[in-house]
Amino acid sequence: MDPQRIYIFDTTLRDGEQSPGCSMNQEEKLMMAKQLARLGVDSIEAGFAASSPGDFQSVQMIGHELKGPRVVSLCRVMDNDIDAGVNALKGSHNWGIHCFISTSDLHLKEKLRIDRAQALAKAVRAVERAKAHTENVEFSCEDATRSDIEYLIEICSAVVKAGATILNIPDTVGYTTPLEMYALFNRLKNEVYRGDEVVFSAHCHNDLGLAVANSLAALQGGAKQIECTINGIGERAGNTSLEELVMALQVRGQYYGLKHQVDTTQLIHSSKLLTKLTGQLVQANKAIVGDNAFAHESGIHQDGMLKNRLTYEIMTPESVGLSKSNLVMGKHSGRAALVERVKELGYQVNDEELARIFEEFKKLADKKKVVYDEDLELLIAGDRVQRKDRYRLLRINVFSGTDAPPTATVTLMRDEEELPPHSALGAGPIDAGLNCIKEILGSTCRLTKFSVQSITGGTDAQGIVSIGVEEGGLATSGRGSNTDIFIAAAHAFVDALNRLELKKTNQAKASVETI
Ligand code: KIV
Ligand code: ZN
């Protein structure tokens, strides 16, 4: 094993996906997983197989489709969870089980209501159960950074004896600091049984904005694996941001002296794809992937940049995958230019997908003078994720102004059937469109969130609308993008209703299975 090699464990599809507003359906998860494989991460935590039939299927599908990275399922230290993870992944090319239990006295006493010895026994049993099926067993001590270190050493040693190959030390609540993290890993590595043979891993949360700094400190203390997410999404303030961690290791390569196998030119694509799939935009000043990360506004900076880029740039935009092409895509661009651009953006599309993207591209180019890379990425992703939906928006026309009540007329497809057009009024044109869709489908769902964001610049920008809905205790969200926000909102609402439909089906299947 190369002593300088470190491993990137991506949990965008598990810790990231479980955070508010970031849920994805199975196809979206698979699409993201394929992009993570192109990015070159070593492991992908595809979900929590025991948590729902939908998660089980996603983990299974990703495990069986991917041939490169190791695909892992999260499991509590319970027989059912381990079995669900194993059943979802067995037969996959490269897979493992990641099981966890809390180790802090606070969690043991208040949350699990068990003592340290009971937690240790459960952990050992779970690791042994997983090990019977796979060589790759990771064990996590939830809330490790608020746990007694003597107990951490004891439980980690016990699970290594039981067969764990990776020991993950999460800063579950984002409480620790870099120097503490360094010291913790240093000590665990020296005092845990076979500490020099197992892979130590860090999993940091960003509650104090220290997740990346703590992860880097863990590496200096001896960790070999970092758990992180694209755009830093994850519970509460999120997890370690993959792009920030990797670029710190890259830009400060001589200082850290560590090697990874991430293709950094795929970082921007990965970030943009996640934004499209979840509707969660990153802030403009976000390191590496924010809109302003490579923008130079002040005169003094621009002057320096023109003389020598190194004056104000510590990495090139190209190194993270920002397009260096000046090729302007517009309504005169042909299929060949589109194919070239799609390839440059890092996507592989088949002929059928290309035909559809080209058609959409021509429609968009008619509305906008310039079709930016971001627009194209929306088209590519949109095409891939909308295919299996039950409902589809065929047409929407909105009438609104100072002298007439806002009215929308909508035509929807249900399965393969075109439903009769229907009109409805609303407090505003968006409200009218959403009312109309609800009336056509007889939906009783309640709107829990509505947000509009512009993803590209200018007044002809593409807007992304995110909508949250709730019905009968089931909650989900939908996204839609278009240059016209009324159309984007209608797409987002139909998307949310499709996801709700899927949740209902999964819930019905689960209750049949438990009967
Ligand atoms: O934050 C955490 O502790 C986790 C574990 C389940 C790894 O996500
Ligand atoms: Zn976490």
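Start by selecting residues 6–268, which the UniProt annotation "domain: Pyruvate carboxyltransferase", from an unreviewed entry, covers. UniProt positions are given here in the numbering used for this structure, feature names are shortened, and annotations may be inferred rather than shown by experiment. The model is predicted, so local features need pLDDT of at least 70 and side-chain atom pairs count only at pLDDT 80 or more, while totals for chains, interfaces and linings use all residues. Residues are numbered from 1 along each chain as its sequence is written, chains are lettered from A and ligands numbered from 1 in the order in which they are written, and side-chain values use heavy atoms, with hydrogens and water left out.

The selected span is 46% helix and 17% strand, and its end C-alpha atoms lie 22 Å apart. Helices (H or I, at least four residues) and strands (E, at least two) are DSSP runs, numbered from the N terminus.

Two strands pair if DSSP finds at least two bridges between them. Zoom in on strand 4 (residues 95–102) and strand 5 (residues 137–142), which are joined by 6 bridges. His-98 has Glu-138 in strand 5 as its bridge partner.

Contact means heavy atoms within 4.5 Å.

**One residue in helix 7**

Select Tyr-151, which is in helix 7. Is Tyr-151 buried or exposed? Its relative accessible area is 2%, so Tyr-151 is buried; buried means under 20% relative accessible area, exposed over 50%, and partly exposed in between (1.4 Å probe, protein chains only). Beyond neighbours within four places in sequence, Tyr-151 is in contact with Thr-103, Leu-108, Arg-116, Ala-119 and Leu-120.

**The nonpolar cores**

A nonpolar core is a set of buried Ala, Val, Leu, Ile, Met, Phe, Trp, Tyr and Cys residues joined through side-chain atoms within 4.5 Å. The largest has 111 residues, of which Ile-8, Phe-139, Ile-169, Leu-242 and Leu-338 touch the most other members. Helix 7 (residues 149–162) gives the most to this core, with 10 residues. A second, separate core of 27 residues includes Tyr-391, Ile-437, Ala-490 and Leu-500.

**The zinc ion**

Select ligand 2, a zinc ion coordinated by Asp-15 (OD), His-203 (NE2) and His-205 (NE2) at 2.0 to 2.1 Å. Donors are N, O and S atoms within 2.8 Å of the metal (3.2 Å for Na, K and Ca); water is not among the atoms, so sites may look incomplete. Along the chain, the donors follow the spacing D-x187-H-x1-H. His-203 counts as buried because its relative accessibility is 4%, and His-205 is buried at 4%.

Finish at strand 9 (residues 391–399) and strand 10 (residues 407–414), which run antiparallel and are joined by 8 bridges. Arg-392 has Met-413 in strand 10 as its bridge partner. Strand 10 also pairs in the antiparallel sense with strand 12 (residues 422–425), over 4 bridges.
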